[in-house]
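Hi,

Here is the structure I promised to pass on. Have a look, and my notes on what turned up follow below.

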Amino acid sequence: MQTIKLPDQDTPMNFTQARLTAVGKADEILTKPVIVAWKDDRTGTFAPAIPGGTGDRWHDYGESNEGMLELQVADAFHFIFTEAEGFDEPDTNLASLEDNGTQFLCLNNACTEEDRQRVGYFPGGGLGG
């Protein structure tokens, strides 16, 4: 697996900023990058959370699940990516909607134009991450 260290910025990063930095760099290297595992050294959190897992189990998972690129951001955040080019994308045909704090799903073809205009509208499909 290739490992690249990305330097810290002038201001301390949070997880969201580090993730955006890592995804931006991964987009330069991979055609369709997808995060398969990550760790935040500052909080000690990581994913996937493996029951009974300790130490670097998140890293072992990333390596054993086709992880091909590890980006270390600001010496505190670690992201393992795989290449999703060629993977089949699920066609869920669902949309996620939010109405006054209540979230629900509807079939894409069943959503009205009013539904589509809602702030929380997100069409289904895609790779996420």
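Phe15, Trp38, Phe77 and Phe79 are linked into a cluster by ring pairs. By a ring pair I mean rings of Phe, Tyr or Trp (its six-membered ring) with centres within 6.5 Å; planes under 30 degrees apart are stacked, over 60 edge-to-face, and the rest tilted. The whole structure has 3 aromatic pairs. In one of them, the ring centres of phenylalanine 15 and tryptophan 38 are 4.6 Å apart with the planes at 50°, so this pair is tilted. Since phenylalanine 15 sits in helix 1 and tryptophan 38 in strand 2, the pair ties together parts that are 23 residues apart in sequence. Phenylalanine 15 also pairs with phenylalanine 79: centres 5.6 Å apart, planes at 45°, so tilted. Phenylalanine 79 belongs to strand 5, so that pair with phenylalanine 15 of helix 1 ties together parts 64 residues apart in sequence.

Phenylalanine 79 is buried because its relative accessibility is 0%. Phenylalanine 15, at 24%, counts as partly exposed, and tryptophan 38, at 22%, is partly exposed too.

Before you go further: this is a predicted model, so local features need a pLDDT of at least 70 and side-chain atom pairs count only at pLDDT 80 or more, while totals for chains, interfaces and linings use all residues. Residues are numbered from 1 along each chain as its sequence is written, and side-chain values use heavy atoms, with hydrogens and water left out. The pLDDT is the predictor's confidence in each residue, from 0 to 100. Its mean over the protein chain is 80, with 70% of the residues at 70 or more. Residues 124-129 fall below 50, and beyond near neighbours in sequence that stretch has 13 contacts in the model. A contact here means heavy atoms within 4.5 Å.

Now the overall layout. The protein chain has 3 helices and 8 strands, in the order β-α-β-β-α-β-β-β-β-α-β from the N terminus. These are DSSP runs numbered from the N terminus: helices are H or I with at least four residues, strands are E with at least two. Of the chain's 129 residues, 30% count as buried. Among contacts between residues at least 6 apart in sequence, 57% join residues at least 24 apart.

Helix 1 gets its own paragraph. What is buried in helix 1? Ala18, Ala22 and Ala26 are. An α-helix has 3.6 residues a turn, so residues three or four places apart point the same way. Thr16, Leu20 and Glu28 are exposed on the other side of helix 1. The buried residues of helix 1 pack against strand 1 (2-6), strand 2 (33-40), strand 4 (69-73) and strand 5 (77-83).

One more residue to look at is glutamine 72, in strand 4. Glutamine 72 counts as buried because its relative accessibility is 15%. Leaving out residues up to four places away in sequence, glutamine 72 touches Thr3, Ile4, Lys5, Leu6, Phe77 and His78.

Cheers

How values were computed. Buried < 20%, exposed > 50% of the residue type's maximum accessible area, 1.4 Å probe, protein only.
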